[in-house]
Amino acid sequence: MPKTLAEKVYEAHVVRSTPGEPDLLYIDLHLVHEVTSPQAFDGLRAAGRTVRRPDLTMATEDHNVPTLDILKPIADPVSRAQVDALRANAAEFGIRLAPMGDRDQGIVHVIGPQLGLTQPGMTIVCGDSHTSTHGAFGALAFGIGTSEVEHVLATQTLPQYRPKQMSVTVDGELAPGVSAKDIILAVIAQIGTNGAAGHVIEYRGSAIEALSMEARMTICNMSIEAGAKAGLIAPDQKTFDFLHGRPHAPQGADWDAAVEYWSTLRTDEGAVFDSEVVLDASTLTPFVTWGTNPGQGLPLSERVPDPATIADEGERRAAEQALAYMGLAPGTPLAEIEVDTVFLGSCTNGRIEDLRVAADLLRGKRVDPNTRMLVVPGSVGVKMQAEAEGLDKVFVEAGAEWRGAGCSMCLGMNPDQLKPGERSASTSNRNFQGRQGKGGRTHLVSPSVAAATAITGRLTAPAALIGA
Amino acid sequence: MDAFISHTGTVAPLRRSAVDTDQIIPAEYLKRITRTGFEDGLFVAWRTNEPDFVLNKPEYADASILVAGPDFGTGSSREHAVWALLDGGFRVVISSRFADIFKNNSTKAGLLTVVLPQTEVEALWAAAEADPTTQVTVDLQSKEISYGDGAGGQTTVPFDADDYTRWRLLEGLDDVGLTERHLDDIRSFESGRPAWLPKALPALPAR
């Protein structure tokens with residue numbers, strides 16, 4: 001029977017399958033960070049259990065880490081205690097940790113691919129919903145809660161039910177200045193913030209194949225914002241080229257064996273998806289969110305919607321609540337919305353390619369004097385690469401702040417936060433109320449829209465700057 | 001975890017859709033390393049900024065069944081959202097659709113999530129708004145929700161629960177213990193894994 005890519009990866013990891021029970025799925029890689037793991041390690045200790053496969057487990061510090069003064073102790077005592085707990089747990093249970101200051105440190109979803117630990121056909125989990133990022137390599141990767149973190153630490157498996165299959169096919173060519181972020185924001189706006197619940201999404205089509213690995217990670221990263229369990233893309237030559245030579249990628253004969261297997265990881269002709277979504281990339285323009293969930297988005301050329309025109313009562317009320325929180329009037333052109341802060345970073349758009357795109361727009365320009373721009377590389381590795389390319393100088397000369405690596409203002413668990421009422425254009429993944437700081441207002445954008453917005457101080461498409 | 005068999009309590013009608021995990025408990029509360037004591041973070045922004053928020057009303061302060069609009073629990077994987085609801089006195093959340101990770105987390109911590117059609121959600125909202133003292137029983141044994149209609153009659157609504165999850169909740173069983181019964185299967189699977197699969201240890205330098 002023809003199978004989808006996700007079904008192939010799932011079936012290759014079933015340890016045990018019995019009618020009436022969930023399947024037991026083997027986990028190839030467990031990524032750990034400081035926020036969702038302390039209670040799991042406590043659970044192991046309380047039950048006298050060990051970590052079954054420390055060699056398939058990798059920890060880093062990302063959510064709480066400050067992006068300034070990173071070589072000093074963390075000033076916030078609660079954040080510091082959480083990071084210290086991870087260090088103690090990693091030492092006690094024999095897990096590799098990339099702590100602050102380490103060259104492998106960074107956002108957990110940036111360092112996995114960077115180290116070559118993320119490979120096609122693997123099952124990857126982490127106590128973090130954006131684990132779907134790793135699906136860009138054709139891995140089945142999904143976020144789990146702390147009880148499941150404990151379960152994976154103890155057994156290297158998870159009880160799972162077979163997910164449904166959704167295809168999102170994107171054909172056609174993207175216009176200049178339109179990116180992967182715009183594709184995924186348009187997809188989420190189309191299917192809704194939980195429209196893919198219970199499904200794994202496979203992104204396919206010529207527009208997806210044309211994307212770089214970084215851009216594919218941006219797409220898969222936000223699968224969870226459509227409610228999907230995971231999102232993935234079939235591996236191809238770009239995937240292999242990205243991995244080749246990375247520290248944990250296979251070598252020599254192992255490389256050949258791996259590539260032979262990876263090349264089989266494609267959805268079979270005739271495989272059936274439970275639901276299908278189709279998008280034409282050539283019609284897309286830069287996208288931006290206007291509301292308080294990632295499904296509330298529109299092309300930047302449009303206006304803030306009028307809730308009165310929404311037929312569904314629940315959606316109308318949600319739109320009214322969103323606009324009240326966002327401080328926006330219906331009918332306002334999105335391109336007239338002024339922002340206080342631009343945040344470039346996160347597991348969605350904190351990779352080298354994202355920084356290059358933004359730097360290209362900012363080179364020789366100035367950040368608007370009323371706007372603050374924060375540039376936060378996704379990892380120390382990305383930071384070092386950017387500095388080797390001189391991107392840090394471009395940002396600093398334009399008046400942006402060049403920071404250390406971490407999750408930063410994506411969720412404001414460190415000091416990088418919006419103040420109440422402040423408005424941001426952010427390359428991160430969630431525009432939930434208060435996400436970037438209490439009372440903060442978030443518009444999700446691509447890196448190029450972020451850079452263009454930083455220059456003008458209002459939501460701006462990069463095309464608007466050409467010739468300006 | 002605590003077993004869940006049947007629960008009777010009053011309803012807090014939360015007329016909002018797509019209630020995300022950052023609203024249930026904001027990230028700043030996630031810095032703690034304990035598993036309990038998260039009630040102060042539960043819906044804290046709405047409790048602080050919106051006097052009319054349902055949990056600010058004295059008549060709903062003791063509710064133990066939260067009935068919310070569609071797509072409850074979207075966003076983050078934080079199990080703290082489930083812990084905060086439990087710490088805040090809730091044993092059941094009812095919605096027409098949940099986010100997957102939230103729903104999954106709730107089954108691990110003993111919070112019952114019940115999916116009902118939106119029309120039944122509306123009926124529960126109406127009942128709890130007409131009379132906040134309405135006693136609602138959620139019975140996992142019989143897979144039924146029942147409550148008085150205010151006129152002496154009784155409304156009974158069936159709900160689905162998969163047999164395995166239901167059994168685990170009824171018994172209060174911990175998944176790790178159940179999986180450890182299958183260690184031989186895990187060992188056997190591990191012996192067949194290709195040797196080229198990556199290992200995080202030891203740390204390797206860039207080549």
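**View 1. Helices H13(A) and H15(A) are oblique to each other.** The model is predicted, with local features needing pLDDT of at least 70, side-chain atom pairs counting only at pLDDT 80 or more, and totals for chains, interfaces and linings using all residues. Residues are numbered from 1 along each chain as its sequence is written, while chains are lettered from A and ligands numbered from 1 in the order in which they are written. H13(A) covers residues 352–362 and H15(A) residues 391–398; their axes cross at roughly 45° and come within 9 Å. Axes are lines fitted to C-alpha atoms, for helices over the stretch in contact, with angles running from 0 to 180 degrees between N-to-C directions. Helices are DSSP runs (H or I, at least four residues), numbered from the N terminus. The crossing is left-handed, that is, the near helix is turned anticlockwise from the far one by less than a right angle; clockwise would be right-handed. From H13(A), A:Leu355, A:Arg356, A:Ala359 and A:Leu362 meet A:Leu391, A:Val394, A:Phe395 and A:Ala398 of H15(A). Contact requires C-beta atoms, placed from the backbone, to lie within 7 Å. This contact has 7 nonpolar, no polar and 1 charged residues. Ala, Val, Leu, Ile, Met, Phe, Trp, Tyr, Cys and Pro count as nonpolar, Asp, Glu, Lys and Arg as charged, and the others, Gly among them, as polar.

**View 2. Helices H6(A) and H8(A) are roughly parallel.** H6(A) (residues 180–191) packs on H8(A) (residues 213–221) at an angle of about 20°, the axes being 8 Å apart. Their crossing is right-handed. A:Ala180, A:Lys181, A:Ile183 and A:Ile184 of H6(A) meet A:Ala215, A:Thr218 and A:Ile219 of H8(A). The residues in this contact are 5 nonpolar, 1 polar and 1 charged.

**View 3. Helix H4(A) is largely enclosed by the rest of the structure, since 8 of its 8 residues are buried.** A buried residue has 20 or more other C-beta atoms within 10 Å of its own, the C-beta atoms being placed from the backbone. Among the buried residues are A:Val108, A:His109, A:Gly112 and A:Gln114.

**View 4. Chain A touches chain B.** The contact takes 68 residues from chain A and 53 residues from chain B. On the chain A side, helix H5 (residues 146–155) gives the most, with 7 residues. That side divides into 25 nonpolar, 30 polar and 13 charged residues.

Definitions and conventions. A residue is buried if 20 or more other C-beta atoms lie within 10 Å of its own, exposed if 12 or fewer, and partly exposed in between; C-beta atoms are placed from the backbone. Helices (H or I, at least four residues) and strands (E, at least two) are DSSP runs, numbered from the N terminus. Two residues are in contact if their C-beta atoms, placed from the backbone, lie within 7 Å. Angles under 35 degrees count as roughly parallel, over 145 as roughly antiparallel, 65 to 115 as roughly perpendicular and the rest as oblique.
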